[in-house]
Amino acid sequence: ALVAGVMLAGNAPLLVAAEVEERIAVRDGTWTWFNDERAIVLPGGAWLIGHVRSDGRIAITRFDPSDGRASETVLNEECRVLKDDHDNPSLTRLADGRVLALYALHSVESRFYARTSLHADPRTAADWGPERPYATPIRTCYSNTFRLTAEKDAIFNFHRCINFNPTLSISRDEGATWEPAIHVIQTGTGRARPYPRYCSDGVKRIDLIYTDGHPATTENSIYHLIYEAGAFRGSDGKPIAKMGELPMNHDAGVRGTLLYTYATAPWQPGQGPDDYIPAGRGWTWDIHYAKDGAPRAVFQARRADVMGTGFQGDRIYYYYARWDGARWQKRFIAQAGRPLYVTERDYGGGMALDPEDPNVVYISSNAREPFRLGDLDDVPLNAHDRYKLYRGVTRDGGATFRWEPLTRASVQDNLRPIVPEHHGRTEALLWFRGRYTKYQDFQTEIVARIGAKR
């Protein structure tokens, strides 16, 4: 289908392709947002997409945006008894072009798994090597893998493991073996769970934004860290901890640069929602680099029962932030509506930056007027609470946006958008749509929105 771009609210110039193509990339698939990269671009231009099927099997699909052809390979069959969208694989291209897929079940085993493609363009199950398990100190989940060329192609896998905290495993032989796990951020006594989101330049640097814990139980602020050359630094580059000094004791104040502050106090004169949402608990969505190398980030804050109707009255607010060289500049940019379901009251529809141009942001919201920002207490929802996608563009560092609707007439929920790196197109958006009842009960398809090649 060809979809024409339409401009919406705001006063910044909106630069979009006049037409894009929309195709179903995966007939049966979903993902959580704490494993990355969920999709990568292969040398010939095809997209490799990691996902979890509705029967729980962990799979990968090669999708060609030029003709819409798709072929799926199941990576793991045994996970069907533990159907869970948290199990989607993280994908990393190795130095010789082959692909490493890393995944773990959702905190039920003390190990993660790896499969490596036999060549640079895997199309069928025959193009993948066998599954290999790797032991971890305790139960683990999530996989976020990045290869750094400046560290002799070492692969960094950030996962949740020791003390349920951010943990790092490193491979220096293309994923064949892994060094002992390193406890990165220490907080709590076993169930405190900081939630990080990562990005990397693929050369020498990895950035992360992270929370104090899970927003269901923790009054979350959000922090930013940089890893480079064996040390972690704040946003301003000042040293915080070398690798040998880990873990960083978060509870003792050894933390990254503060990005969003949790507070319950009313705003003081001169303050407003751009500063914080009173009693709004933060959660992380995405981070990437602008053309000058400075990070941009998107995140959310959630307030409980704003509308006085219990879970249905919870409201989520979306933010955009940029590092200006001295501090984080952040803006409240959209109403996200209500959470997805009652047992996870911080699950929003989702946000994503375009890694090729993080002036472009995608959001999923079920607010009837997502860009009416003047009232935080009265946020009516779409008919049937339907989640829709929007694309926003800023040309002034996030101060203003122009928005266009992408799923105006959709009769299904549209959730968790992502954009693969190095896509080389005017648009390259992936998301899933369909029935998503909870993280263990879903029937969704993954959709691609494909712009012209640059």
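Because the model is predicted, local features are reported at pLDDT of at least 70 and side-chain atom pairs count only at pLDDT 80 or more, while totals for chains, interfaces and linings use all residues. Residues are numbered from 1 along each chain as its sequence is written, and side-chain values use heavy atoms, with hydrogens and water left out.

The secondary structure of the protein chain comes to 0 helices and 32 strands, where helices (H or I, at least four residues) and strands (E, at least two) are DSSP runs numbered from the N terminus. The C-alpha trace spans about 55 × 55 × 45 Å along its principal axes. For 454 residues a compact globule would have a radius of gyration near 22 Å, and the chain, at 20 Å, agrees with this; the radius is taken over C-alpha atoms, and the globule rule is 2.2 Å times the number of residues to the power 0.38. Of the 454 residues, 62% are buried, a class that means under 20% relative accessible area, with exposed over 50% and partly exposed in between, for a 1.4 Å probe and protein chains only.

The sheets come next. Strands of a sheet pair through backbone hydrogen bonds, either parallel or antiparallel; here two strands are taken to pair if DSSP finds at least two bridges between them.

Strand β24 (residues 315-323) runs antiparallel to β25, with 8 bridges between them, and Ala 321 stands opposite Lys 330 in β25.

On the β30 side, 4 bridges join β30 to β31 in an antiparallel arrangement, with Ile 418 opposite Leu 430 in β31. Strand β31 also pairs with β32 (residues 441-450), in the antiparallel sense over 10 bridges, with Phe 432 opposite Ile 446 in β32, and a hairpin of 2 residues joins β31 to β32.

The spaces in the model were searched on a 1 Å grid over the protein atoms alone: a cavity is a set of points where a 1.4 Å probe fits but cannot get out, a pocket is an open set with protein on both sides within 12 Å along at least five of seven lines, and lining residues have an atom within 4 Å of a point. Grid points are joined across faces, edges and corners, and a volume is the space filled by probe spheres set on the points. By this rule there are 3 cavities of 30 Å³ or more.

The largest cavity holds about 150 Å³ and is lined by 19 residues, with Asp 36, Arg 38, Arg 197, Asp 286 and Ile 418 nearest its centre. The elements that give two or more residues to this lining are β15 (197-200), β22 (281-289), β26 (350-353) and β30 (413-418), and β26 gives the most, with 4 residues. This lining divides into 11 nonpolar, 2 polar and 6 charged residues, where Ala, Val, Leu, Ile, Met, Phe, Trp, Tyr, Cys and Pro count as nonpolar, Asp, Glu, Lys and Arg as charged, and the others, Gly among them, as polar.

The largest pocket has a volume of about 590 Å³. Its lining comprises 20 residues, of which Ser 200, Asp 201, Gly 202, Glu 421 and His 422 lie nearest its centre; the elements that give two or more residues are β3, β7 (90-93), β10 and β22. By class, the pocket lining has 7 nonpolar, 7 polar and 6 charged residues.
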